[in-house]
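Good morning, and thank you for making time for this presentation. Please look first at the sequence and the structure on the screen, and then I shall go through them part by part.

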Amino acid sequence: MRLVIKLAGALLDDPSTLASIARQIATLEQEGHELLVVHGGGKIFTSTLQRMGIESRFVGGLRVTDRETRDVAVMVLGGLLNKRVAGAISQAGQPAIGLCASDAGTFLAEPMVHNEVAGGLGYVGYLTGVNVEFLESLWRNGVVPVASCLGLGADGELYNINADHMAAACAEFIHADRLIYLTDVAGVLDGRKVLKAVSANEVEELIRHHKVSGGMVLKLEACKRALDAGVQQVRIVGGGLADGLLAAANGGKGPGTRVLPTAYPAAARMAS
Ligand code: ADP
Ligand code: MG
């Protein structure tokens, strides 16, 4: 099975959570699955920007990324955090390699169009291609690729990509069977209850009724995109849950929220 696992930045700040996730990733690889790990930013990106006196402005949940901000993104996402994740998986017994977009040109990007201007948000992009042959050569050798959410543009510049959208696009480009989002909440919440399943056509309704907001909106949109592209199973799971990733990867009922391509009977969606 080919699997994309997206790790929330928040999960990388706690060593024991990261070690637990890394052990589960190593187990899945040893079971013979082909894994691609994509990770986000976390507090350390924001705090590094603050330490360097760089202020951020957000438009529609996306950080306006000037050259200085982009350079910090490369340092923190492509450097510190990427190596941290690859190190944790390698220490868990499975060799992993941290990849920034430019390495073997693995992840390609184009600047995002904002208000009809390409690059209107600065160095913010979307994923336009993946060097699948290179990833396959890693899988053949039992190496887990760990991607930071960056893409290499045709202009030779690196672009910051929203990690949720990057994971969905990766799942599309590598024809993944499953996409699992490990996040800092137990799943999609309705009040304090975790929804077992949400169908793609309910997403807009949830947004309109303010049941989901902030980062969860982007995540659900990314889930929808992956389903439209033919990914069979998409799930949002709490990253702090012991063995949550293994349970999610094994399919079935599993933990967290499944995002489903078609209407799903309301009774089956009852909170767990
Ligand atoms: P990630 O780092 O996994 O991308 P985000 O912070 O971008 O996480 O998105 C998850 C956040 O979305 C949650 O921590 C929560 O604050 C927010 N959120 C808003 N509405 C909901 C909801 N209905 N269920 C769960 N989380 C929600
Ligand atoms: Mg997010």
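I begin with the site around serine 213. A backbone N or O atom of serine 213 lies 3.2 Å from a nitrogen atom of ligand 1. Please keep in mind throughout that this is a predicted model. For lysine 211, a backbone N or O atom is placed 2.7 Å from a nitrogen atom of the ligand. For methionine 216, a polar backbone atom stands 3.4 Å from an oxygen atom of ligand 1. As for cover, ligand 1 on its own has 570 Å² of accessible area, and the protein covers 72% of this.

How many residues surround ligand 1? There are 15, and the closest are Thr183, Asp184, Leu189, Lys211 and Lys219. Sorted by class, the shell consists of 6 nonpolar, 4 polar and 5 charged residues. Which helix gives the most to this shell? That is helix H7, residues 215-228, which provides 3 residues.

Helix H7 leads us to lysine 219, which has its place there. Is lysine 219 buried or exposed? Its relative accessibility is 5%, so lysine 219 counts as buried, the limit for that class being under 20%. Beyond its neighbours within four places in sequence, lysine 219 is in contact with Lys6, Asp164, Tyr181, Thr183 and Ile236. One of these, Thr183, is also listed among the residues closest to ligand 1.

Let me now step back to the chain as a whole. Its secondary structure comes to 8 helices and 18 strands. The C-alpha atoms fill a box of roughly 50 × 45 × 35 Å along the principal axes. A compact globule with 272 residues would have a radius of gyration near 19 Å, and the chain has 18 Å, so the two agree. Of the 272 residues, 52% count as buried. The chain exposes about 12,000 Å², of which carbon and sulfur atoms supply 52%. Turning to contacts between residues at least 6 apart in sequence, 73% of them join residues at least 24 apart.

Arginine 2 is found in strand S1, residues 2-7. With a relative accessibility of 15%, arginine 2 falls under 20% and therefore counts as buried. Its side chain and that of glutamate 34 are joined by a polar contact of 2.9 Å. Outside the four places on either side in sequence, arginine 2 touches a number of residues, including Glu34, Val132, Trp139, His175 and Arg178.

Alanine 26 is the next example, and its place is in helix H1, residues 15-30. Its relative accessible area is 1%, so alanine 26 is buried. Setting aside its neighbours within four places in sequence, alanine 26 is in contact with Ala92 and Gln94.

Isoleucine 54 belongs to a loop, the one between helix H2 (43-51) and strand S3 (58-59). Apart from residues up to four places away in sequence, isoleucine 54 touches Leu49, Glu68, Thr69 and Val72.

Alanine 104 lies in the loop between strand S5 (96-99) and strand S6 (107-111). Its phi is near 55°, a positive value in a residue other than glycine. At 44% relative accessibility, alanine 104 counts as partly exposed. Glutamate 116 is in the loop between strand S7 (113-114) and strand S8 (117-118). The phi of glutamate 116 is near 65°, again a positive value in a residue other than glycine. Its relative accessibility is 79%, which is over 50%, and glutamate 116 therefore counts as exposed.

Notes
Residues numbered from 1 in each chain as written. Chains lettered and ligands numbered in written order. Predicted model: local features only at pLDDT ≥ 70, side-chain atom pairs only at ≥ 80, totals over all residues. Heavy atoms only, no water. Near = heavy atom within 4 Å. Polar contact = N/O pair within 3.5 Å; in protein donor to acceptor, adjacent residues only side chain to side chain. Areas by Shrake-Rupley, 256 points an atom, 1.4 Å probe, with all protein chains shown as cover. Helix = DSSP H or I, 4+ residues; strand = E, 2+ residues; numbered from the N terminus. Nonpolar A, V, L, I, M, F, W, Y, C, P; charged D, E, K, R; others polar. Buried < 20%, exposed > 50% of the residue type's maximum accessible area, 1.4 Å probe, protein only. Contact = heavy atoms within 4.5 Å. Rg over C-alpha atoms; globule rule 2.2 N^0.38 Å.
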